[in-house]
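Me: I would like to learn how to read a structure. Please take me through it step by step.

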Amino acid sequence: MLDQIALLAAVTVLGVLEQAYFALQVIYARRKYKVAPPGTAGPPEFERIFRAQANCSEYFPIFVSVLWVAGVFFQQAVAAVCGLLYLYARYQYFQGYALSAHGSWAAEPFPVSEFFCVANGNPKQTTAAHPMVNSTCDR
């Protein structure tokens, strides 16, 4: 029985440790930027770290539930590998979100705003930049 859940348990423990790391980053940011609990407003650097931690925490119960259901009812090894990929992606997300406040990463990593026509004649909206999407913008 234990061999049927060992990988799932290991990934779950890694996930809990990752959540603890994110929480510690918020504690360090509170000290660095002098934001006393329970306050959540402060410099953009603090707010980004706080929001990144909150975003990750909001999805953690769903992650653990899906991990265990997939591992118990389907295949443990595949669920564990997918769980590890998810944890890695969440770590990258947290780091990127926190760094974007420092200007080390673009605030908008994917230029979504350039894919929509803007009625006020935004100069970014050109057919040359996005011919398929913006062809209706030039009409």
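Reply: Start with the elements. Helices (H or I, at least four residues) and strands (E, at least two) are DSSP runs, numbered from the N terminus. Here the elements of the chain run α-α-α-α from the N terminus on. This is a predicted model: local features need pLDDT of at least 70, side-chain atom pairs count only at pLDDT 80 or more, and totals for chains, interfaces and linings use all residues. Residues are numbered from 1 along each chain as its sequence is written, and side-chain values use heavy atoms, with hydrogens and water left out.

Me: How many helices and strands does the chain have?

Reply: The chain has four helices and zero strands.

Me: At what angle do α2 and α3 pack?

Reply: Axes are lines fitted to C-alpha atoms, for helices over the stretch in contact, and angles run from 0 to 180 degrees between N-to-C directions. Helix α2 (residues 44-73) packs against helix α3 (residues 76-100) at about 175 degrees, with axes 10 Å apart. So α2 is roughly antiparallel to α3 (angles over 145 degrees count as such).

Me: Which residues of α2 and α3 meet?

Reply: Contact means heavy atoms within 4.5 Å. Among them, Tyr 59 and Phe 63 are in α2, and Tyr 86 and Leu 87 are in α3.

Me: Is Glu 18 buried or exposed?

Reply: Buried means under 20% relative accessible area, with a 1.4 Å probe and protein chains only. Glu 18, in helix α1 (residues 6-33), is buried. Glu 18 touches Leu 87, Arg 90 and Tyr 91, not counting residues up to four places away in sequence.

Conventions
Angles under 35 degrees count as roughly parallel, over 145 as roughly antiparallel, 65 to 115 as roughly perpendicular and the rest as oblique. Buried means under 20% relative accessible area, exposed over 50%, partly exposed in between (1.4 Å probe, protein chains only). Lys and Arg count as positive and Asp and Glu as negative; His and the chain ends are not counted. A salt bridge is a side-chain nitrogen of Lys or Arg within 4 Å of a carboxyl oxygen of Asp or Glu.
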